[in-house]
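Take a moment to look over the two chains. Then follow the text from the place where they meet into the fold of one of them.

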Amino acid sequence: MKLLKTLTALFIPDAQADRVVPPTGFTATLTTFSAAAMAFLAVFAMALTLASGRLADRWSNELARSSTLRISAPEDQMQVQIAAALKVLETTPGVASARALTAEEQKALLEPFFGPDLPVEDLPIPQLIEVNETSTGYDSTGLRLRLAAEVPGAVLDDHTRWRKPLVAAASRIRLLGWTAFLLIGGAMAAMITLAASAALSANTQVIKVLRLVGAQDSYIAGAFVRRFTYRGFVGAAIGALAGTAAIWLLPEAETSSGFLTGLGFQGTHWLWPLCIPVLGGAVALAATRAAAHRKLREMP
Amino acid sequence: MIELDNVAYSYGGGELLSEISLQLSPGSFHFLTGPSGAGKTTFMKLCYGALQPTAGQARLFDRDVRSLDRDEMAMMRRRIGVVHQDCQFLDHLPISENIALPLNVSGRDNIDELANLKELMAWVGLKSRADALPPELSGGERQRAALARAVIMSPDVILADEPTGNIDWEMSQRLLRLLVELNRMGKTVMVATHDMNLIRAAKGQIQARVLRIANRRVQLAGADL
Ligand SMILES: Nc1ncnc2c1ncn2[C@@H]1O[C@H](COP(=O)(O)OP(=O)(O)OP(=O)(O)O)[C@@H](O)[C@H]1O
Ligand SMILES: [Mg+2]
């Protein structure tokens, strides 16, 4: 209830209480502008974070838990080696299942490269075996040693080898995105604190008079807090809107795996920028309140 | 209502005021006089808690001023109306809003109170100047406005620091009559002034005591004025 009252008090301005502090004009516009600029940047930080998160998830999910065994052998030995390989795999801890691809499946894999008319059956192409891991995974070095001994024509393509650094890079970028987001929030808090402190100092005489006629600190602080929260909120709303529009207007490239083209929002993520004005208002509120109470404690 | 017990005050150098013991009882009317720089304003500030005594104890409505936190001090200010020597207005608000400021900051700015405001403006003769900004008023008008602001919360105590400082005799008389009227309504009044004529004029109208600051002490002056 109390919270609700505080919140409504924030947005239904107490006209009289707000008039006791003289209007500021130009500097007010500057505060709103800075809040807008911060929010604009925050949208990009947010987009970067979400996009790299998506990328990391995709890479780790799509490629996780599956690897490929490639067997190249003279035609007469092929079936023997396949059987031997499957047997090795079946007895390897951490392998959930293993299955030789059918000719049709292999043909489908090659089609993008050689066209639909390739007579796969007649070519000495390697046989692929799809290996699905359990959640714990297998020991790839151990498996390679056993395969080398029992199936000389087998090569294990373990995707983790190149997947791991990519996932690590994406995670790092996501971390950077969050850091940028927090830094933007901190810079916004610093900017509002400076602006609010300047406003408080410029109004020392007003504050003194208000104290003399019996105003409590909460009343005086409230007049400033409402002002700066409003500016922070409105500025952040404008900036978030502009930032979101800019991302929406980014030219769309075809390659879905590319990184830059993934920068943007997908689905419900488009709603995320909505929280930027709220955060902007909250940061402005907290910063102004702290500045006001600090200043008021210095005064009799 | 206001009790000073062996109070002393110093701004950092030597003591400006020493060994002051005094009680303002309800309904009393006091003048405070003394040469310029003797410490009248300082004494007034001790009486409304703007300054804390450097020695001794000051009690406002039975509360030691040292024990009051900031919010309690604000509540105390609502019970003591002060006419400051330099008025202390918000220069960007019209005088009517300045007079209503104590109501506004205490959340009492409702319809009834605002009707009182009209009456009060008429009482101090500022009805026609309601929309003027403080810097646009004459010295006397400002001081009457300051008095109106001091009484709008109907405080129990009114402290007026040189309320007739820069106005002519006619206007001083008028201001004095306002203060006397308030005293007759039961308010405790203290007026700092160096105007002996004002004190003589008051003595004809009410029972007033005169306090004089001399040699850092506050003494009750005799009948010889
Ligand atoms: N904030 C302050 N810091 C230091 N000294 C002060 C301060 N305020 C007043 N004084 C000094 O204390 C002395 C008393 O000042 P005060 O204002 O109480 O005098 P006063 O009796 O009201 O004088 P006046 O009749 O001119 O108004 C003066 O010498 C003044 O210079
Ligand atoms: Mg003085």
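**Where the chains meet**

A:Arg19 and B:Glu97 form a salt bridge, with their closest N and O atoms 2.5 Å apart. Start there. This is a predicted model, so that distance is computed from predicted coordinates. Across the interface of chain A and chain B, the rule finds two salt bridges. It also finds 11 residue pairs in polar contact, both residues being at pLDDT 80 or more.

Which elements of chain A give two or more residues to the side that touches chain B? They are α2 (15–19), α8 (204–212), α9 (217–248) and α10 (275–298) of chain A. The largest share comes from α8(A), with seven residues.

Now take the contact as a whole. Chain A brings 23 residues to it, and chain B brings 22 residues. The size of an interface is often given as the accessible area lost when the parts come together. Between chain A and chain B, the buried area is about 2000 Å². Carbon and sulfur atoms give 52% of that area.

How does the predictor score the complex? The ipTM is 0.91 and the pTM is 0.77. For chain B, the average pLDDT is 89, and 98% of the residues score at least 70.

Strands of a sheet pair through backbone hydrogen bonds, either parallel or antiparallel. In this sheet, β3 (residues 29–33) and β8 (residues 188–192) of chain B run parallel, joined by four bridges. B:Phe31 has B:Val191 in β8(B) as its bridge partner.

Next, look at another set of strands. In chain B, β1 (residues 2–9) and β4 (residues 55–60) pair antiparallel over five bridges. B:Ala8 stands opposite B:Ala55 in β4(B). Two bridges also join β4(B) to β5 (residues 63–64) of chain B, again antiparallel. There, B:Leu60 stands opposite B:Arg63. The hairpin of β4(B) and β5(B) has two residues between the strands, and B:Phe61 takes a positive phi near 45°.

Methods
Residues numbered from 1 in each chain as written. Chains lettered and ligands numbered in written order. Predicted model: local features only at pLDDT ≥ 70, side-chain atom pairs only at ≥ 80, totals over all residues. Heavy atoms only, no water. Pairing = 2+ DSSP bridges. pLDDT = per-residue confidence, 0-100. Contact = heavy atoms within 4.5 Å. Buried area = accessible area lost by both parts, 1.4 Å probe. Salt bridge = Lys/Arg side-chain N within 4 Å of Asp/Glu carboxyl O. Polar contact = N/O pair within 3.5 Å; in protein donor to acceptor, adjacent residues only side chain to side chain.
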